[in-house]
Amino acid sequence: MSVFINRLPIGALLTFIFFSTSLTAYAESELEKLERYDRVSARIKWEWVSEEEPEVNGDLVQLYKSSGLGDDMSFLGVIYRNLLWASAPWPETWLVGKKPKPITEKNWLHLKRIDPYRYAVVKATIIFEMWDNSSKTPSSAFAFATQQAVKQLKALEREMVLQGNVSSAASVSVHLGRIYHNIAPVKAIEKYEYAIPHLSSASPKDELNFSNILTKGFVLKELASVYNNLKMHYHGLSKARQAISETPLEWREAIDYTQEVLALARLGRFEEALEKTNMLIEIAETKEFVDSKDKVNENFFARFLKLSVYTNRMASGDKEQMRELLLQLRELLPKIDFYNNDTLIETVNLFSVAVNGTGNQLRVAETQYFNTVSKSDFSPTNWKVLAYHNFRRANEIQGNFVRALENERLSHQAQLELNAQHFETLGDLNSSDALLHDIEMVNLRQVKAEQERQRLALKAQQQQGIILILVAILLAITTFWFWQRQRIVTKLAGVDTLTGAMTRRSFYSWYANTTFSRSTSCAVLIDLDHFKLINDQHGHLTGDEVLTCFSNIVQDRIRKTDKLCRYGGEEFLLMLKDSKKEEAELLIDDIRERLKAHSKWNTTDASLVVNFSAGIVETNTHAKLDALIDQCDKLLYDAKSNGRAQTVVATFGS
C-alpha cells in the first residue's frame, strides 16, 4: 500500500507533463492557423477585383481553398468566414458559399485567448463592415445600424483599455473614427488623434494581414480629409504630408497626394500645388509599372489632381490649361480601372462641358452626372453634397455665379440633412459634453457655409464688401491668438519647459495641498544612468531629447492622479497615489523596458540605449516630503552603487 502511495505523485506528474505538452502543441497549431487565416482574409479583402469577373481572381480562389478556411467549422473558421461575408462586395458565394453560422461568445473568447490584438482588430472590422454595408438601407435603418455599431465599438474599445492593451484600443478607435468621419467630424478627429501614436507603420505587401492593415499612414490620410472638409486646411496639409512620409517611396501613388494638393489649392498656394501635380505626372510617365493598368491609372489621377487645382484658382489662362488636361483625361478614360469609374467619367464630362459648352449643355451634363452618381455606393446624402459642390465649381468656370451660389446652398442643405440624420442617434450615445460638441459642429458647418454663400454672392455683385469679411477674419484670428497665448502662459507657469513635467516648486505646492487617503502611496526618485556621458559623447541636444523622451514615456504610463516632477538635471521625482510598492516596482520596470526599447533618435544617428536607476519608498501616511525624498535618495544611491539600471524598494522609516 505504501509503495502505491509513493508512486502516485510520480504518475500524476507524468500525466500532467503529457497533457501540458499536448496543450502547448495545440496552442501552437491554433496560432499558426490563426496567422494563416489572417493573411488569406486580408489578401482577399484588399485584392479581389469584383464579383462580375470571378475568373480574374483565380489565384485568390486557389489561395482560399488551399488555406483550409472554406471547410473549417472550428471557432476560428467561423470567425474568419464571417469576416469575409461581412466584407461585401467581396465574393460571398464564390468563396464562403452560404451564409456562415453566427459567431458566438465562445468563438470570441477562444480567439481572445489565442491573440487579444487580433481579437480586437477582427471584431472591430466585422462591426464596421456590417455598418458600412447598411449605408445602402433606408435612413431610419442606417441610423439604427449606426447606433448599434458605435455602441459595440465603444464597448470593445473600453474592454481593451481596461486590459491595458493600448494598440488594440487604438485599432478599435480608428473604426469609430471612420463611422464618425462624415457625420460627426469633431469626434472623428478625437478618435484618429488618439489612435495615431499607437499604430504601426506600413509593412511590406507580402506581409499583409489584418493585424497591420490600419497603419499610421492610412489614418493620417483620413484625418487630413476631415480637416480639409472642415476647411481647416493648415491642419489638413500637415497631416497629409505626415501621411505621405509614412508611405515608403516605392509604394506611393498619385492618390496618396490628394489631400495635400487639395489643402494647398484651398490655401491659395497654387504654385506649390501645380509643382506637386507636375511631379506626379512626370513620375507616372517615366516610372516602370508591373501592370499597364497601374500606369494608366497613375497618369489619369495625376492629371485629375492638376485639373482640380485650376478649377480652384480660376486665373487668366487657366481655362486653356483645363481644356488641354480634359482632352488628355478623355483619352485615358476608356483604359482606367478604378472602383468608381462611372463617377470619374461623369466628373470629367461635367467639367469638359463647363469649359467648352454652353449653359444649357451644362444643365444636361448636371442631370446626367446626378443620375450616375445617385447609383453609386455613396450614401444618398453624401453623394448629393459631392454633386452640388462640383456643380458649383462648374458654374463658376462659366461665370454663372448666381447658379453657383444656388448649388452651394443645395450642397450645404445636403450636409445639414446628413448631420440631422445622425444627430439624435449619436446624441443618445454620448454624454452631454459630447452632445455639445455635435451641436458645435453643426453650428460650425452653418457658419462656414454662410461665409461661402456670402463669398459667391459678393463675387456676383462685383465683390463688394470683401474688405469687411477680411477684417472680421483678422479679428477672429487675433482674438484666438490672445486666448491661446494666455492658456499657454498659464500652463507653463508650473511646468518644466523642456520635459513637460512639473517643476520642483509646483510639485511641493501640490503635495502640501493634497489630501492622501489611508491607503499606501509611493514616492519614486529616478536618475538617468551615465547622463553626463550622453551629453559629452552625443551633445546636449541629444541629452535634451533623452530627457524629453523619458518624461513622455512616464506620463504616457501613469494615471491622472500620479504626478511627475523634474527634480533637477537628470533626476525625476514621481508620486504614485494609492499604490503599493509591488505595483510601483512593476510600473518602473515597464517604463525602464520602454525607454531601453527606444532606439530611434532625431538628434543622433548613433545607437543609443538609455537606462536609469530608481529608489521607491512606500508610505501609508502623509509623510513630510523632504523626509520621503531623503530616503528615496539613499535607495537611489544603493541602486547606483550596485551597478545601476535597477530599482531598490523600501517602506518609509525602515
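**Aromatic rings and their partners**

The charged end of Lys 187 is placed over the ring of Tyr 180, at 6.0 Å from the ring centre, where a charge counts as sitting over a ring if NZ of Lys or CZ of Arg is within 6 Å of the ring centre and within 35 degrees of the ring normal. Arg 504 likewise lies over the face of Tyr 567, 4.0 Å from the centre of that ring. The model is a predicted one, in which local features need pLDDT of at least 70 and side-chain atom pairs count only at pLDDT 80 or more, while totals for chains, interfaces and linings use all residues. Residues are numbered from 1 along each chain as its sequence is written, and side-chain values use heavy atoms, with hydrogens and water left out.

Rings of Phe, Tyr and Trp (its six-membered ring) are taken as a pair if their centres lie within 6.5 Å, and planes under 30 degrees apart count as stacked, over 60 as edge-to-face and the rest as tilted. By this rule there are 13 aromatic pairs. Trp 108 and Tyr 119 have ring centres 5.9 Å apart and planes at 75 degrees, so this pair is edge-to-face. The pair links distant parts of the chain, 11 residues apart, with Trp 108 in helix α5 (residues 105-114) and Tyr 119 in helix α6 (residues 116-133); helices are DSSP runs (H or I, at least four residues), numbered from the N terminus. Both Trp 108 and Tyr 119 are buried, that is, under 20% relative accessible area with a 1.4 Å probe and protein chains only.

Phe 128 and Trp 131 form a tilted pair, 5.5 Å centre to centre with 40 degrees between the planes.

Technical notes: Helices (H or I, at least four residues) and strands (E, at least two) are DSSP runs, numbered from the N terminus. Buried means under 20% relative accessible area, exposed over 50%, partly exposed in between (1.4 Å probe, protein chains only).
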